[in-house]
Amino acid sequence: MLQVKSVSCQFGGLKVLNRVTLEVNQGELVGLMGPNGAGKTTLFNIISGFLTPVEGEIYLKGERITYLPPHLITRKGLVRTFQNVRIFKHLSVIENVEVAIPQSHEIGLLRGLFPTPKTKTIRQLVKEKALEYVHLVGLSQVALRNADSLTFGQQRLLGIARAIALAPEILLLDEPSAGLNRKETEALSEIIKKIHSKGVTIFIIEHDISMLMDLAQRIIVLDRGKKITEGSPEKIKEEKTVIEAYFGERRKCLV
Amino acid sequence: MKKSFILRWTFFIGSVIVLPFIFEHILSISVESLLQTGFFIMLSVSLVLLVGFAGQISLGHAAFFGVGAYTAAIVATKLGLSPLLSIPVGTMVGALIGLFVGYPVLKLKSFYLSLATLVIGIAVYEFFKAADPLTGGEIGIYDLPNIRLGNLEIASPLARYYTVWTCALFIIFLCDRLSHSPFGQRLRAIHSDEQAAECVGIDVFKTKLKIFIFSVTIAAFAGALFAHCSYGSIEPGEFSVTLSIKVITMVVVGGMYSVYGAVTGAVIIGLLPEIIRNLGSFAAMDLTQITHIQDALFGVILVIFIIFSPEGILSQRKERTDVTGKKCLLSIRGIESP
């Protein structure tokens, strides 16, 4: 589904990613972890087209997407969310989802000015679909509120509703549980499982290891721009290199 | 929804019909002053889509108004074309220049964009003043022909008033429709967060370019109409940056997120000078003094609104938190509130 081949990224003299190679298969739920500054979000930015790597290639369903602009990558079925949510604050909750539904993009400037009967059918369809997604994440009660009046947890859910409204084949979630309380995190896990069960491939950055253990089939660990290991959650838990990446080597701790 | 639409438009059309009589007979202000407000409405309504909805602050709107006006005037006087042809030509030239200007300029963000459009506004104004053989320099172009529909010549102030305001109403209608369409939603999404907008599959640059061209095309049309349907002459001073600032003030005062807000702003700012002029004649000030006071006042109004009410008088954001509307929507869809 998604292949990252020997990707490097550099900001000035700082090498943020160093020949990272990884693969996410169709229907998988893969976790990406690593300490702060490991390059996780940078990797997501490269995959989703916001940054271009200094070397290496990205393939989606066998097609090279390395230098495509973000909106085209989205239209090809790869959708991402942001760590700091970034909902559309000038839109209502339901409109946030409506703009993401691909059919609504069929209505351009001209059709907006001079709608045909077909335009109306599309708009009705879009509205119904949007309400469905809003309902799925449990926000139908606030559907008509301004998006910026939502709590942080609700905004996060809205971000996910917006992402799945795009009908993605692969979904990249950037720390979806950051800033959420325990209860909200659990609800979120359930939603992620639900999306995954519908056949969506999921690639997720997560700090909450217990959540990742529960969700992921496979975990990839980055540290200082390099992939240090990957494997099943159980294996990662025991892996010495991972513990060292997070807590440092034993010797250093003693000093 | 439908009922409110009919009510609103009955009110609009009704007030457009009776306004000149109220002005002439009750307030004893000439109909010509209303003419100008009609052009203000076209400018502010087109600008609100670009500034309020898409969040791209342009300070060069008057330039496109001027391009439309000068093109129509030159085509009509030098080539002798009828206004029914010169107005479309002026509009088209405005749209074309919008494309050529918009393409590089919209790559810039926030106040770099504002600065670039401001410079374009100044450059175009200076061009009107300098290109004497074409534009008539400081004096401008006069003896412009009126619009003729068959045997009917639109010459009297009242006829001109109705022509201009009918066009204004039509433009309000179009822009309002666009603002409520999915395209309008995408504009507001871009305003909120360009990167996130890319991530929902919106081609941000293309969308910005489209709305820029749309907006300046309306401004150019308004300008072309202004050339043939206002005072029979145009001069560069009418298209200076002061006008751009005035239109921005209308948008800010009326409401950044609503087409009707822009209309409200245009009406307030358009009619305010008349009131001041009346007061001025009481205080026995001469006309140039009054003009300077007006310009200063627009600046003051703009600052006051930006500080105390950045969303303007008619902010749509309040409308959208309507509780009954929510219940209605949910019951229609048969989804019970959890």
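## Report on a predicted two-chain model

In this predicted model, L171(A) stands opposite I202(A), a residue of β8(A). The two strands concerned are β7 (residues 170-174) and β8 (residues 201-205) of chain A, which pair in the parallel sense over five bridges.

Six strands form an open sheet with mixed pairing, and their order is β6-β7-β8-β3-β9-β10. At the edges of the sheet stand β6 (78-80) and β10 (226-231) of chain A; each has a single partner strand, so one side of each is left without a neighbour in the sheet. From one strand to the next, the twist averages 20°.

Two packed helices are described by the angle between their axes and the distance between the axes. For α5(A) and α6 (residues 152-165) of chain A, the axes come within 9 Å and cross at roughly 135°. The crossing in which α5(A) passes α6(A) is right-handed. On the side of α5(A), the residues that meet α6(A) are A130(A), Y133(A), V134(A) and L136(A); their counterparts in α6(A) are A161(A), I164(A) and A165(A). By class, this contact has seven nonpolar residues, with no polar and no charged ones.

Chain A is also divided into two domains: domain 1 covers 2-86 + 168-254, and domain 2 covers 88-149. The centres of these domains of chain A, taken over C-alpha atoms, are separated by 29 Å.

The contact between the chains takes 38 residues from chain A and 37 residues from chain B. Four helices of chain A give two or more residues each to the side that touches chain B, as the table lists.

| Element of chain A | Residue range |
|---|---|
| α2(A) | residues 70-75 |
| α3(A) | residues 93-98 |
| α4(A) | residues 109-113 |
| α5(A) | residues 117-136 |

Of these elements, α2(A) provides the largest share, four residues. By class, the side of chain A that touches chain B has 15 nonpolar, 14 polar and nine charged residues.

Key:
Residues are numbered from 1 along each chain as its sequence is written. Chains are lettered from A and ligands numbered from 1 in the order in which they are written. This is a predicted model: local features need pLDDT of at least 70, side-chain atom pairs count only at pLDDT 80 or more; totals for chains, interfaces and linings use all residues. Two strands pair if DSSP finds at least two bridges between them. Axes are lines fitted to C-alpha atoms, for helices over the stretch in contact, and angles run from 0 to 180 degrees between N-to-C directions. Two residues are in contact if their C-beta atoms, placed from the backbone, lie within 7 Å. Ala, Val, Leu, Ile, Met, Phe, Trp, Tyr, Cys and Pro count as nonpolar, Asp, Glu, Lys and Arg as charged, and the others, Gly among them, as polar. A crossing is left-handed if the near helix is turned anticlockwise from the far one by less than a right angle, and right-handed if clockwise. Domain bounds come from an automatic or database domain assignment.
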